[in-house]
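Hello,

Here is the structure I promised to pass on to you. Please open it alongside this email, and then read on for what turned up in it.

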Amino acid sequence: MNKILTFGVYDYLHLGHLRLFKQCKKYGDYLIVAVQNGDYIRKFKPDAKVLYSTDERVEMLEALRIVDEV
């Protein structure tokens with residue numbers, strides 16, 4: 001089994017993210033999506049407006065059929 005890992009913030013989940021996941025899935029059987037922690041984002045970008053908590057972003061990604069693990 002080939003595992004693929006991609007990483008991002010995914011605060012505003014959009015079509016580009018879905019296309020990224022589809023492209024990743026072409027290269028492997030199992031897609032893992034890593035989500036950047038909101039506190040870490042605010043530490044390095046204090047002016048960033050993060051809409052969803054880390055847990056909420058994880059929950060949204062877990063709901064996608066194409067994603068095998070978050």
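H17 is buried, because its relative accessible area is 13% and the cut-off for buried is under 20%. You will find H17 in helix α1, which covers residues 15-25. Leaving aside residues up to four places away in sequence, H17 touches Y10 and Y12. Please keep in mind as you look around that this is a predicted model.

Y12 also turns up on the surface. Together with L51 and Y52, Y12 forms a nonpolar patch there, and the three have about 370 Å² of accessible area together. Y52 sits in the loop between α2 (38-44) and α3 (54-62). Its relative accessibility is 35%, so Y52 counts as partly exposed.

Next, the charged pairs. How many salt bridges does a search of the whole structure find? The answer is three, and here they are in turn.

D11 and R57: these two form a salt bridge in which the closest N and O atoms are 4.0 Å apart. The pair links distant parts of the chain, with D11 in the loop between β1 (3-8) and α1 and R57 in helix α3, 46 residues apart. Are these two buried or exposed? Both D11 and R57 are buried.

D68 and K25: here the side chains meet in a salt bridge at 2.5 Å, N to O. This pair, too, links distant parts of the chain: K25 belongs to helix α1, D68 lies in the segment after α3, and 43 residues separate them. D68 has a relative accessibility of 34% and therefore counts as partly exposed. K25 is partly exposed as well, at 24%.

R42 and D39: the salt bridge between them has its closest N and O atoms 3.6 Å apart. Where do the two sit relative to each other in helix α2? They are three residues apart in that helix, so about one helical turn separates R42 from D39. With a relative accessible area of 37%, R42 is partly exposed. D39 counts as exposed because its relative accessibility is 59%, and exposed means over 50%.

How values were computed
Residues are numbered from 1 along each chain as its sequence is written. This is a predicted model: local features need pLDDT of at least 70, side-chain atom pairs count only at pLDDT 80 or more; totals for chains, interfaces and linings use all residues. Side-chain values use heavy atoms; hydrogens and water are left out. Helices (H or I, at least four residues) and strands (E, at least two) are DSSP runs, numbered from the N terminus. Buried means under 20% relative accessible area, exposed over 50%, partly exposed in between (1.4 Å probe, protein chains only). Contact means heavy atoms within 4.5 Å. Patches are made of residues with over 30% relative accessible area and no salt bridge: like charges are joined within 9 Å, nonpolar side chains (Val, Leu, Ile, Met, Phe, Trp, Tyr) within 5 Å. Accessible areas come from the Shrake-Rupley method with a 1.4 Å probe; for residues, only the protein chains shown count as cover.
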